[in-house]
Amino acid sequence: MSDKLIMNRPSSCLSKPWREATPLGNGYTGVLVYGGMYQENILFNRYDLWHGAKVGVLPNVSDVFDEMRKQMDKGNYHKACDMLCNALREKGFETDPGYPYPLGVLSLRTDPIAMFKHYRRELDMKSGVCRITCQEGDNPIERECFVHRELDVTALKVKSNEEKTYTLSFDIQNDGTQERFPFGYDISYEDGYVFFVADTASAIIHVEGARVDGQSLKIEANELCFIVKCFSKKLSCEELRASVCDLPSYDELLSSHAKAHSSLYSNVSLELCQGENISNELLIDAAYDDEASSELIEKLWKFGRYLFVSGTREGGLPFALYGLWNAEYKPTWPQNVANENVQMIYWHALTGGFSGLVLPLVEYYCRDLCDYRDYAKKLFGKKGIYLSVYSTPINRQPSPVVPVIIHYIGVAGWLSKHFYDYYKMTGDREALQKYILPFMVGAAEFYLDYLTFDERGKARIYPSVSPENSPINFIDDVHGIRMSHPMPTAENSTMDIAILKELLCNLLSLADEIEMDAEAVNKWQSTLSALPEYATNEDGAVKEWQKDELLDNYFHRHLSHLYPLFPGNEKGIDKSAFERALELRVLQGQSGWSLMHMAGIYARLGRGEDVARCFDLLAKGCLLPNFMTLHNDYRDMGVTLGLGQFAPIQLDALMGSVNAVQMMLLQADEESISFLPALCSRMERGKVEGFAFFGGKTSFEWSSEHFEAKLIFERDTKVRISLPNGKYVIENDNFDPLITYHFAKGEEIRIKKLK
């Protein structure tokens, strides 16, 4: 099947057409192509254009933290819940992480001369090019646009058989609210050029043969090319003009861009069906009527990978919730939110061959350890590092000042898993020594200083937030349980226990290969034995908080207490208790991203049909025609949270779908590789090229009667291999699933199913 998305209509979302636009990008510049027939709008973003941050002076309120714990010991949870945040406010601490903002919009207008027909808007994900074609009478018209991967220019080509008159202008975005472009700016026109110069950003549009016509450019031609270059700084018109001099021709730009983009996007491939290149609209309609087809599932996997390549890059910033495609000055939840969303965005990256694109995440979070130590000391009086759930490139202070966020201590520990896996996958010792190990040690140091112990010597973690939930017996208004979190300040959340256990185990694994402080190693080992066991409730489900009086709330989107199962992979747990907890979650409490979190858990359990049903629900309620994903179903049909028209774009669900597909086909850790562990009936046959595992890469194909895999080992590896039912040979010897195989660096082996 081709790597193309086809849409039969321009962006048409009422009042917010940008939500259905076609996204293009190179990790620095993000572009939204609306696809209008006679007026094309192209919106530009830059990865480092942020505003609205409020950076306060964080006061020392650690004495209040000690008093809060005393109130919790007395059972006064509600009173304790607000004490720390109230103290911060009383001492005048105000902070806001800030928002991304769009740079501006290019508008290209022409007058209709005949009725149009055969409209198509096509995204070629392999080359990173958007094409719009239609017929105006007997005149074929085509527009083509891409953002060059290396030269960081946007190129647009328009052609038709007949000469037409075009009007070109550039302006700031009107996002439909009272918010406006947050800085001073000036827009000027010269023959062939448009200049946008703001206090913090600049852009130039260059069109050969265009003449000034008031506040626009006029061009008469049957073929024309635009070059747009954007900057996250103020430049003069002379500097802007120089930036687009001596560029290659349009065709040369397209060729070099497609090669650079494709080398990233195509390093891994997947085929689930032959496909008929059905339009997005028809694929979604079919899923709404029945179920998500294998073609839709495959295209979601490809689109998520395409966006990931287009939305981040080495030397840039991590992939954000909106990627690089935002059209508002204060969008909903655009920050890096690290109590679920950031992590979900990156679950797919290593298996999908994007280890190089994980490095910006490592660098972003690991470079401010001094600040994180200051936060730990002033908020809690503890050693080590504490990271805020919310952060942006312009503000990482603890924010917002509410208990469900301030009291969540799991950010550093959870991110440590991503960083540890990055090292184990790549062997990047430089990143380990410079970033990862200091970060992980700092996270463990905080946890160990934060713990207290009961009379039995068992660890107590409190306050302990299970994002973003509250025990049901502390929620007064049953109708307010959808998004509210009235009392998150609980004790011994299952997630905190699991994250700490995982962190300490990973540090001890690193201690086997790297010399570490012996006293610290001993503390890690002793703390592991003091962590509480996972208990079950009266329904047979693992408890979300390991304290009897804290009762589970099943009407919630977060699945934090299932961390030991997924995204963790803890050995020796009672999977049935976690499975029961998953089944008790209420569908109407879910969101788009939580459906894809569920999909990952079902995949871990080997329940492929249930993974597929998560895709059905996503397609029915949270999928736009351009395949961008929503937080919830704005139509309130009961398949997600009912929040009325409030349904912001959140691309974590799309990235979670990429991960879910990969987990259906391959699951691996440092000790094992499992092929097709959660295959569903919609995936009768398929082919994978280049999936990564800890030690190498694999390609495989399957059908109902056939399976064949090739594994290439990039270092010496000891691993157990799990295969679907049947008899197999490995390099012509009988395969034994109970054996741990030893493979040498550079070795290539093949596994085949016997007929």
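Predicted model: local features only at pLDDT ≥ 70, side-chain atom pairs only at ≥ 80, totals over all residues.
Residues are numbered from 1 along each chain as its sequence is written, and side-chain values use heavy atoms, with hydrogens and water left out.

Okay, salt bridges. Side chains of opposite charge can pair when their charged atoms come close. Here a salt bridge means a side-chain nitrogen of Lys or Arg within 4 Å of a carboxyl oxygen of Asp or Glu. How many salt bridges does a search of the whole structure find? It turns up 44.

Take Lys 16 and Glu 328, whose side chains meet at 3.1 Å, N to O. Lys 16 sits in the loop between β1 (4-7) and β2 (22-25), and Glu 328 in the loop between α7 (294-311) and β18 (336-337), so this pair ties together parts 312 residues apart in sequence. Those helices (H or I, at least four residues) and strands (E, at least two) are DSSP runs, numbered from the N terminus.

Is Glu 328 buried or exposed? Buried, at 11% relative accessible area, while Lys 16 is partly exposed at 30%. The cut-offs: buried is under 20%, exposed is over 50%, and partly exposed is in between, with a 1.4 Å probe and protein chains only.

Next, Arg 750 and Glu 708 form a salt bridge at 3.7 Å, N to O. Arg 750 is in strand β31 and Glu 708 in strand β26 (residues 707-713), 42 residues apart. Strand β31 (residues 748-753) also holds Glu 748, which is partly exposed at 42%.
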